[in-house]
Amino acid sequence: MTETVTGATATTSAMVPVPYRVLSRVVENADSVTLRLEPVESVLPGPLPGEFMMLYAFGVGEVAISTSGIAADGTLTHTIRSVGAVSAALCAAEPGTTLGVRGPFGTSWGLAEAAGRDLVIVAGGVGLAPLRPVALGALAARDRYGRGGLLAGARTTRDFPY
């Protein structure tokens with residue numbers, strides 16, 4: 001069965017990477033960067049908190065990267081830790097570089113289902129990246145939730161992203 005994703009200007013197979021351009025690159029710490037990507041032509045569906053995308057560095061390979069920011073303008077934000085050849089190539093991508101993107105995939109964190117409840121967000125190091133949209137979403141709709149807390153750990157303070 002072939003899945004399709006309808007974009008702003010075209011429909012494409014979910015198995016073919018859609019070109020996105022690096023709009024900005026922020027160095028978070030010694031081994032992590034945050035890339036903001038804009039669609040070149042087709043726009044993929046916006047991910048929900050907790051979902052991930054497949055990012056493709058042309059000529060190197062593809063890797064699953066959690067979404068670390070969600071925007072209504074079609075841009076995608078990913079915080080990437082350099083741990084291998086593909087993630088290193090992604091971390092080195094400068095503004096203007098074209099990458100391939102597929103997705104979103106996975107299951108959301110269920111932020112809407114948590115309405116009316118207390119929230120505790122727990123993460124370690126770059127593991128904070130996929131939880132960032134949850135924290136930002138909860139803050140944006142603060143009156144929908146009870147008490148909130150964030151517990152984040154890292155080897156050193158320099159290892160924290162953001």
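Biologist: Why is V120 called exposed?

Modeller: V120 has a relative accessibility of 67%, and exposed means over 50% relative accessible area, whereas buried means under 20% and partly exposed is in between (1.4 Å probe, protein chains only), so V120 counts as exposed. This is a predicted model, in which local features need pLDDT of at least 70 and side-chain atom pairs count only at pLDDT 80 or more, while totals for chains, interfaces and linings use all residues. Residues are numbered from 1 along each chain as its sequence is written, and side-chain values use heavy atoms, with hydrogens and water left out.

Biologist: Where does V120 lie, and what is the place of V122?

Modeller: V120 lies in strand 9, residues 119-124, and V122 is placed in strand 9 too; strands (E, at least two residues) and helices (H or I, at least four) are DSSP runs, numbered from the N terminus. V122 has 52% relative accessibility and therefore also counts as exposed.

Biologist: What makes the nonpolar surface patch of about 320 Å²?

Modeller: V120, V122 and L151 make this patch. A patch takes residues with over 30% relative accessible area and no salt bridge, joining nonpolar side chains (Val, Leu, Ile, Met, Phe, Trp, Tyr) within 5 Å and like charges within 9 Å. The areas come from the Shrake-Rupley method with a 1.4 Å probe, and for residues only the protein chains shown count as cover.

Biologist: How do you know that R81 and D31 meet in a salt bridge?

Modeller: A salt bridge is a side-chain nitrogen of Lys or Arg within 4 Å of a carboxyl oxygen of Asp or Glu, and the R81 and D31 side chains meet at 3.0 Å, N to O. The pair links distant parts of the chain, 50 residues apart, with R81 in strand 7 (residues 76-81) and D31 in the loop between strand 3 (18-29) and strand 4. With a relative accessible area of 35%, R81 is partly exposed, and D31, at 26%, counts as partly exposed as well.

Biologist: What makes R147 and D118 a salt bridge, and why is R147 called exposed?

Modeller: The closest N and O atoms of R147 and D118 are 3.3 Å apart, so the pair falls within the 4 Å limit. The two are 29 residues apart, R147 in the loop between helix 2 and strand 10, and D118 in the loop between strand 8 and strand 9. R147 is exposed because its relative accessible area is 63%, whereas D118, at 44%, is partly exposed.

Biologist: What lines the largest pocket?

Modeller: Its lining includes L119, I121, A135, R142, R147 and G148, and about 180 Å³ of space lies in this pocket. On a 1 Å grid over the protein atoms alone, where a 1.4 Å probe fits, a pocket is an open set with protein on both sides within 12 Å along at least five of seven lines, and lining residues have an atom within 4 Å of a point. Grid points are joined across faces, edges and corners, and the volume is the space filled by probe spheres set on the points.
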